[in-house]
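The sequence and the structure are shown first.

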Amino acid sequence: MFTVLLLTTLLAAADPQAPEVQAPQREELAEAGNYKEALDGFRRRAAANANDLDARLWIAWLHEKMGRADLAEPVYRSVVLEAPGHVDAALHFAALLAKQKHHDEAVRVLERAKSADPMNPELLTALGNAHLRVDKKSELGRAYLEMAAALSPKSVNSAKHERRANPKSPSAPAGGGGS
């Protein structure tokens, strides 16, 4: 019920006068910084299929890029509630939660997603950093970072950088180009 109400509210904001934007164009618009046009396209896509988690993930990401974390958070939350193993959604939502200093919740979101892809270096790095934000001496956090480094040497540098910096804005959601 929560998801239906949330989607009804968010999707109703799509500009009915805006021309229909095709799948590849939505992503290109988003990546080029044309957030409003891309948002309208993804809203239409989600309105046509409320179960389209990738469209909803793009909607959340676009809201976040437009400085509307208050609109992004419930959309991210709806996706991870419906698909706790959706790694991309978990990573984006956890990054937003970290920005808001909700580190315990970020850990819970990432731990649930880990069951879907337990050897994902990006997820393990995010988990390690999240645990270390909760407790700077977390052995589990360090273990996740070491595991990520073993799986992907590139993650060693990103983990070191992440521990020194605030979380960055997530990159654009992966995939999601289909109609």
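Of the 179 residues of the chain, 47% count as buried, where buried means under 20% relative accessible area, exposed over 50% and partly exposed in between (1.4 Å probe, protein chains only). The model is predicted: local features need pLDDT of at least 70, side-chain atom pairs count only at pLDDT 80 or more, and totals for chains, interfaces and linings use all residues. Residues are numbered from 1 along each chain as its sequence is written, and side-chain values use heavy atoms, with hydrogens and water left out.

The chain has 10 helices and zero strands, taken as DSSP runs numbered from the N terminus (helices H or I, at least four residues; strands E, at least two). Along the sequence, the pattern reads α-α-α-α-α-α-α-α-α-α. Among the contacts with a separation of 6 or more, 57% join residues 24 or more positions apart; contact means heavy atoms within 4.5 Å.

**Helix packing**

Two packed helices are described by the angle between their axes and the distance between the axes. Axes are lines fitted to C-alpha atoms, for helices over the stretch in contact, and angles run from 0 to 180 degrees between N-to-C directions.

| Helix pair | Axes come within | Crossing angle |
|---|---|---|
| Helix 6 (residues 87-99) and helix 8 (residues 121-134) | 11 Å | roughly 25° |
| Helix 8 and helix 9 (residues 139-151) | 7 Å | roughly 160° |

The axes of helix 6 and helix 8 cross at roughly 25°, which makes helix 6 roughly parallel to helix 8. Angles under 35 degrees count as roughly parallel, over 145 as roughly antiparallel, 65 to 115 as roughly perpendicular and the rest as oblique. Helix 6 passes helix 8 in a left-handed crossing, meaning that the near helix is turned anticlockwise from the far one by less than a right angle (right-handed if clockwise). Val 87, Leu 91 and Ala 98 of helix 6 make the contact with Glu 122, Leu 123, Ala 126 and Arg 133 of helix 8. By class, this contact of helix 6 with helix 8 has five nonpolar, no polar and two charged residues; Ala, Val, Leu, Ile, Met, Phe, Trp, Tyr, Cys and Pro count as nonpolar, Asp, Glu, Lys and Arg as charged, and the others, Gly among them, as polar.

For the second pair, the axes cross at roughly 160°, which makes helix 8 roughly antiparallel to helix 9. Helix 8 passes helix 9 in a left-handed crossing. Residues of helix 8 in this contact include Pro 121, Leu 124 and His 131, and those of helix 9 include Leu 140, Tyr 144 and Leu 151. The contact of helix 8 with helix 9 has 10 nonpolar, five polar and one charged residues.

**Aromatic pairs**

The structure holds four aromatic pairs. Rings of Phe, Tyr and Trp (its six-membered ring) pair if their centres lie within 6.5 Å; planes under 30 degrees apart count as stacked, over 60 as edge-to-face and the rest as tilted. Phe 42 and Trp 58 are stacked, with ring centres 5.0 Å apart and planes at 5°. This pair links distant parts of the chain, Phe 42 in helix 3 (residues 35-48) and Trp 58 in helix 4 (residues 53-65), 16 residues apart. Trp 58 and Trp 61 form an edge-to-face pair, with centres 5.5 Å apart and planes at 85°. Both Trp 58 and Trp 61 are buried. Ring pairs link Tyr 35, Phe 42, Trp 58 and Trp 61 into a cluster.

**Individual residues**

His 92 is found in helix 6 and is buried, with a relative accessible area of 2%. Lys 101, in the loop between helix 6 and helix 7 (103-114), has a positive phi of about 65° although it is not a glycine. Lys 101 counts as exposed, at 59% relative accessibility.
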